[in-house]
Amino acid sequence: MKPLGPIPAGYEAIDGVLAVAGQPVTHWVEQAGGTPLFLYSADHVRRRVADLRAAMPERLALHYAMKANPFPPLLALMATLVDGFDVASGGELDIAAKAGVPLAKVSFAGPGKRDTELESAIRAGVTLNLESEGEAARAIAIGERIGLAPRLAIRVNPDFDLKGSGMKMGGGAKPFGVDAERVPALVRTVLASGAQWRGFHIFAGSQALDAEAIADTQAQTLTLAARLAEESGVPLPHCNLGGGLGIPYFPGDTPVDLPLVGKRLAEQFAVLPDVLAETAFCMELGRYLVGEAGVYLARIVDRKVSHGEVFLVTDGGLHHQLAASGNFGTVVRRNYPSAIATRFGVAVEEEASIVGCLCTPLDKLAEKGGFPRADVGDLAAVFCAGAYGASASPSAFLGQGPAFELLV
Ligand SMILES: *Cc1c(COP(=O)(O)O)cnc(C)c1O
């Protein structure tokens, strides 16, 4: 039997059925119109944000990186909970605008911004996190042409990365950001252009669970921000410290020690140099805010045995949950937390693999896990589905169509 990842806290059973927001998931499946379904809990997100606010220094604002989950009702909820949003394309900016996100609170990072995207962002008062000198020149020229002073920040490619992070975003040659040593010259160009100077964006990595490593990276980030501001010759108005907080997906993973990260950051904030004395700080988080608040539910449509192995074949699959199948940035396939939702909390009775309905051997949601016996009609649940699920999976692949999504 292969181990399954740890089921996030806060999931319980009602009459043997997995429950979300006080109702069995069978109820929500009916409400949504069927399976497969991404079910998101608003309460879970609210608690997560409250925990962060309690642990972190008050001076730290919280931003939501919407590429984790751009479901419009979730964005509308987020708009009531966080201080800002980070988008990574003109398409995301449109989705945010339609969901009612105040665009003055949005910043836009990401390589390859087209002129049309730069122009609509400048018109909307969005802060552009500049990824290169070339992009800076285009943004400044567009601002001059349309008679608006763009809000410009510089994304710094730091000369360090976040230790133990699942995805390294800094350190060495990268398509993201401007290499640290070239930043002061670009700051002077931005200032001379008459643009509104919005500071630095420094993102060193993602999906880290080690609080010490996160705290060390934040300390390095502050040191770098201070040095670059000093060399640029102006105090820093704003600094986005990046994110990095991960969630446990796999066997053996444990949650981030949030109070420790908060304590270390408060210590750093207490001894900031003059050039950062008035700086507004934020952190931008995606999966940490929403990942554990979502569960993916698929109906078992066939139960079969092949060479003695049990396969529970569902109506879902990697076209909705690419990451759980192990095909989204992982080297070794390991099991996400998963369960039989309609027999939740029941003891393990057999070894089975939960698979999808695509005709590819890659389409595994849980491989050789221990589950209670499940049959046709039961619901399988894959947890940690609130981030990088529906929007990060190839839903057009094999013509199976998108999943339902519901925020409750
Ligand atoms: C993807 C991304 C995030 C969010 O990452 P998570 O691991 O989901 O928290 C934040 N900032 C930037 C710049 C990103 O590209």
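Predicted model: local features only at pLDDT ≥ 70, side-chain atom pairs only at ≥ 80, totals over all residues.

User: Why is R48 called buried?

Analyst: R48 has a relative accessible area of 13%. Buried means under 20%, exposed over 50%, and partly exposed in between, with a 1.4 Å probe and protein chains only. R48 is therefore called buried. This residue is found in helix 2, residues 42-55; helices are DSSP runs of H or I with at least four residues, and strands are E runs of at least two, numbered from the N terminus.

User: Which residues does R48 touch?

Analyst: Leaving aside residues up to four places away in sequence, R48 touches I247, Y288, L289 and E292. Contact means heavy atoms within 4.5 Å. R48 and E292 are 244 residues apart in sequence, yet their C-alpha atoms are 9.3 Å apart in space.

User: What makes the pair of R48 and Y288 a polar contact?

Analyst: A polar atom of the R48 side chain lies 2.9 Å from the backbone oxygen of Y288. A polar contact is a pair of N or O atoms within 3.5 Å; within protein, one must be able to donate a hydrogen and the other to accept it, and residues adjacent in sequence count only if both atoms are side-chain atoms. The distance of 2.9 Å is therefore within the limit.

User: Which residues come nearest to the ligand?

Analyst: Of the 12 residues around the ligand, K67, S206, E284, R287 and Y388 come nearest. To be near, a residue needs a heavy atom within 4 Å. An N or O atom in the side chain of Y388 is 2.6 Å from a ligand oxygen, and for R287 such a distance is 2.8 Å. The protein buries 91% of the 380 Å² that the ligand exposes when taken alone, by the Shrake-Rupley method with a 1.4 Å probe.

User: Which residues of helix 5 are buried?

Analyst: In helix 5, residues 115-123, the buried ones are E117, L118, E119, A121 and I122. Their cover includes helix 4 (90-98), strand 7 (106-108), strand 8 (127-130) and helix 6 (133-146). G125, with a positive phi near 75 degrees, follows helix 5.

How values were computed:
Residues numbered from 1 in each chain as written. Heavy atoms only, no water.
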